[in-house]
Amino acid sequence: MTSARSLAPPSLLLAALLALPAAPAEREVGSVERLELTSLTRERAGVWARTRLPRAAKGARQTFDGEVTVANVRLPVGQPVTVAVQERPTGAEAVFLLDIDLRKVPEELVTRMGTHAVDPVLTGRLRGDGGTEVPVHAVGVIRFGTPQLVAPASNATRFVRYAGARLSGLGLAESTGEARAFVYNPFGFPLDVRSLSYSLWLGERRVVTGELRGIRLHPARENEVRIPLRALNSDLVAAAGQAVLAGGELDGELMAQVELKAGRDGVTFPLKLPGKVRLVR
């Protein structure tokens with residue numbers, strides 16, 4: 001007896017093959033080459049994400065709708081994103097102009113982020129002239145301390161207000177006092193400072209060193225940080241001469257290394273804060 005399968009017409013076999021799910025198309029992947037902090041206020045950060053894409057929509061000025069993540073955490077980026085595009089023989093160079101709302105950054109970002117690099121991912125669609133659009137998926141690993149990441153340390157001073165220092169007890173073996181700084185936390189969650197290593201300078205001479213640990217910066221406000229000072233009067237005289245004995249105000253500088261708790265370890269950045277040092281007899 002001939003089986004029913006052998007009697008199936010070729011058209012039915014073809015229909016069955018066509019009904020099988022197609023293999024998924026391989027996603028074209030671009031690269032995030034560089035991040036540049038271009039503007040910064042206490043509320044928002046402007047970042048240029050420079051990328052190389054396999055292809056782009058038409059036109060030198062395009063828009064992007066989608067998501068931007070770091071450490072698998074979505075960033076609060078204004079939509080649509082403006083994108084400057086330049087065609088190349090092997091694809092396109094595209095600069096995404098990201099506007100990030102610091103107040104809406106998730107706390108999860110700080111707990112997940114790496115302490116040696118960030119891993120931005122851009123996923124969405126580019127839209128250009130004449131209704132053209134293409135999908136975008138670009139990934140990168142941007143290492144701290146390399147030309148891939150442009151974020152001048154001087155930007156940190158936008159969040160720190162230094163109120164100067166005061167030393168008293170002149171004429172004894174040493175002088176004591178404090179420096180005061182006000183640190184603004186722009187996020188909607190607290191930040192923890194693991195350590196604050198600091199030194200006070202008068203001219204070219206370091207007169208105070210010290211360290212504070214375990215400072216909490218409360219969200220969306222200025223936080224006062226009082227820094228204890230203890231200096232040998234011999235160092236003060238060597239730095240400022242007779243001005244120390246007379247009292248008054250001198251130009252000084254507070255230098256610090258701040259380690260913020262982030263990820264499994266911490267992120268460290270420098271501070272350099274010029275200000276007045278008041279000497280009281």
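**View 1. The residues that line the largest cavity.** Glu 28, Gly 30, Leu 53, Pro 54, Arg 55, Pro 135, Val 136, His 137 and Ala 138 form the lining of the largest cavity in this predicted model. On a 1 Å grid over the protein atoms alone, a cavity is a set of points where a 1.4 Å probe fits but cannot get out, and a lining residue has an atom within 4 Å of a point. This cavity holds about 60 Å³ of space, and the count of cavities of 30 Å³ or more comes to one, where grid points are joined across faces, edges and corners and a volume is the space filled by probe spheres set on the points. Five of the lining residues are nonpolar, two are polar and two are charged; here Ala, Val, Leu, Ile, Met, Phe, Trp, Tyr, Cys and Pro count as nonpolar, Asp, Glu, Lys and Arg as charged, and the others, Gly among them, as polar. Strand β9 (residues 133–139) gives the most to the lining, with four residues; strands (E, at least two residues) are DSSP runs, numbered from the N terminus.

Residues are numbered from 1 along each chain as its sequence is written, and side-chain values use heavy atoms, with hydrogens and water left out. Because this is a predicted model, local features need pLDDT of at least 70 and side-chain atom pairs count only at pLDDT 80 or more, while totals for chains, interfaces and linings use all residues.

**View 2. Strand β9 and its partners.** Strand β8 (residues 120–127) runs antiparallel to β9 and is joined to β9 by seven bridges, and two strands are said to pair if DSSP finds at least two bridges between them. Leu 126 stands opposite Val 134 in β9. The two strands β8 and β9 form a hairpin with five residues between them, and Gly 130 in the turn has a positive phi of about 65 degrees. Strand β1 (residues 30–40) runs parallel to β9, with two bridges, and Ser 31 stands opposite Val 139.

**View 3. The open sheet of seven strands.** The strands follow the order β15-β14-β17-β18-β12-β13-β16, with mixed pairing. At the edges are β15 (205–217) and β16 (221–232), each of which pairs on one side only. Strand β14 (residues 191–202) is joined antiparallel to β15 by eleven bridges, and Ser 197 stands opposite Glu 211 in β15. Eight bridges join β14 to the antiparallel strand β17 (residues 248–262), where Leu 254 is the bridge partner of Leu 200.

**View 4. The hairpin of β17 and β18.** Strand β17 and strand β18 (residues 265–280) run antiparallel and are joined by 15 bridges, and Arg 278 in β18 is the bridge partner of Glu 249. Two residues lie between the strands of this hairpin, in which Gly 263 takes a positive phi near 55 degrees.

**View 5. Two loops with backbone exceptions.** Most residues other than glycine have a negative phi, and most peptide bonds are trans. Asn 72, in the loop between β3 (61–70) and β4, has a positive phi of about 65 degrees although it is not a glycine. Gln 79 and Pro 80 are joined by a cis peptide bond with omega about -10 degrees, and Pro 80 lies in the loop between β4 (73–74) and β5 (81–88).

Methods: 1 Å grid on protein atoms, 1.4 Å probe; cavity = no way out; pocket = protein on both sides within 12 Å on 5 of 7 lines; lining within 4 Å.
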